[in-house]
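The sequence and structure follow.

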Amino acid sequence: MKHAVMFGSFCLIMAGLASTGAQAAEATRASFGHTADGQNVEIVTLTNSRGVQARVMSYGASLQSLLVPDRDGHLADVVLGYDDLQGYLDRRQYFGATVGRYANRIAHGSFTLDGKHYQLTRNEGPNSLHGGNQGFDQKVWQVVEVKQGPNASVTLQYISKDGDQGYPGTLTVKATYQLSEDNQLKIAYVATTDKPTIVNLSNHTYWNLAGEGGGTVMDQVLTIPGEAITTVDAASIPDGHIVPVAGTPYDFRAGKPIGRDIRDGSSQQLLFGHGYDMNWVVSSKEVESHMVARVQDPHSGRVMSLWSSKPGLQFYSGNFLDGTTVGKQHHIYRQGDAFVLEPQLFPDTPNRPAFGSARLAPGETYRNTIVYRFATDGGRVVTH
Ligand code: BGC
C-alpha cells in the first residue's frame, strides 16, 4: 500500500509496512527556507530502520547531511555543510551539491560540437568549473517524487534551458537519492536533451568519516584501484597525458592514509593542486558499476565504499578549505578536513577526443549512478 505524496510545507510519509513486511522507514518533507528571490527550498529526510538518515535539499539537489553509525553504533553526520539554507546561499563551495552541466573543468570555457563553437560562462580565471557561474549547484530543483518504504527515495528535477551558461539544448535532469535498509545511499542522475549537447554530472559531497567538524581526514585510509591519473597544468586543466600511478604519491591501489604522501614536494601535481586534486582513470571506458574507492576511518571504524560505472574519479583533499568557513554546529573547516570523490568523465573531455565523448543527443539518455555503501570495520584495518 502506498500513500499519496502530499505537497506543502510539511508532511510525513510512512512506509507501506503491511504489504512489504519491512521495518520502519520513512521520508519527511519540509521547507528549508527561501532564496533571495523568494523560491521555496525543500528538504526531504530519508531514514532507515538502523537510524541512518540522509537529508536532501532542493537547492543544488544536495546531500545536506548524512548520519552514519560508527563501530559502536554511534551516529555522526559525515558530510560537511551548513545547518541552514542561508549558509549555502552565502558561501556555496559545492557542499553536498550536484555539479553540472559539466562537472570539473572545461579549458577556456569553450568547446566545439558538431562543428559549432560554444562559449560558456567562466568562473575560474579563463576556464569553466562545475557548470560555470550559475551551475546546477545553485539552482532550486523541483521535488517531483518522494517514495516511502524500505528503499525510501526522493527524485528532484531541474530543466536547464537552451543556452543556460552557454550550453546548447534544453537539458532535463533528474537526481534520485535512495536510502536502503542495508545502509546504501544511491544517487542516480538521468538527463535527456532536445538538441545535441554535452553533459557530465556528479556529486560534490565533502566527506569526513569521523564526522563533520571532527578534524583532519589525513589519517583516513583511502583505496583507489585506478592505475593512472590524467595529469594537469598549473590551472588544473588536463595536459593530455595519462600517467601510471606506480611509484608516485598517487598510488592508492593498496590503500594508504590520505596524508601519507601529500607533502611530497617532488611531485608537481601535488603543488598545482595544493594537495590531491586530480582525476584517476578507474576504467578505460564506461563499464558495469564497480568499486572505485573505499575509505576507512581507523578511529570510528566507519567504512565507505563508492561504486560507479564512469571512467574517471576526481579525488580532491579539501585543499581550499582555508579556515574561513564556519559550517554546521559552528565548526570551522580547515584545509584537509574533508575529502571529495567525484565519479565522472575525465575533465575537459569536450576538448580532448582521446578522453572519450561527453556528447548527448536527442533520444539518448545520460546516466550516472553513484552508490555509497556504509559499513564498520570491527577494529580491523580494511584496505581492499
Ligand atoms: C575541484 C577543485 C575545486 C573544488 C571546489 C573540485 O571538484 O577538483 O579544484 O577547488 O571542486 O570545491
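Which residue of β26 does Asp277 stand opposite? Asp277 stands opposite Tyr316 in β26.

The model is predicted: local features need pLDDT of at least 70, side-chain atom pairs count only at pLDDT 80 or more, and totals for chains, interfaces and linings use all residues. Residues are numbered from 1 along each chain as its sequence is written, and side-chain values use heavy atoms, with hydrogens and water left out.

Strands (E, at least two residues) are DSSP runs numbered from the N terminus, and two strands pair if DSSP finds at least two bridges between them.

| Strands | Bridges | Sense |
|---|---|---|
| β20 (residues 228-232) and β23 | three bridges | antiparallel |
| β23 and β26 (residues 312-316) | five bridges | antiparallel |
| β15 (residues 184-193) and β31 (residues 366-376) | eight bridges | antiparallel |

Strand β23 spans residues 277-281, and five of its five residues are buried (under 20% relative accessible area with a 1.4 Å probe, protein chains only; exposed is over 50%, partly exposed in between). In β23, Val281 stands opposite Ala228.

β15 and β31 belong to an open, antiparallel sheet of nine strands, ordered β12-β13-β14-β15-β31-β25-β24-β19-β22. Its edges are β12 (142-147) and β22 (256-257); each has a single partner strand, so one side of each lacks a neighbour in the sheet. Gln184 stands opposite Arg373 in β31.

His330 lies in the loop between β27 (325-326) and β28 (332-333). His330 counts as exposed because its relative accessibility is 71%. Its C-alpha atom is separated by 28 Å from that of Asn133, 197 residues apart along the chain.

Note on methods. Helix = DSSP H or I, 4+ residues; strand = E, 2+ residues; numbered from the N terminus.
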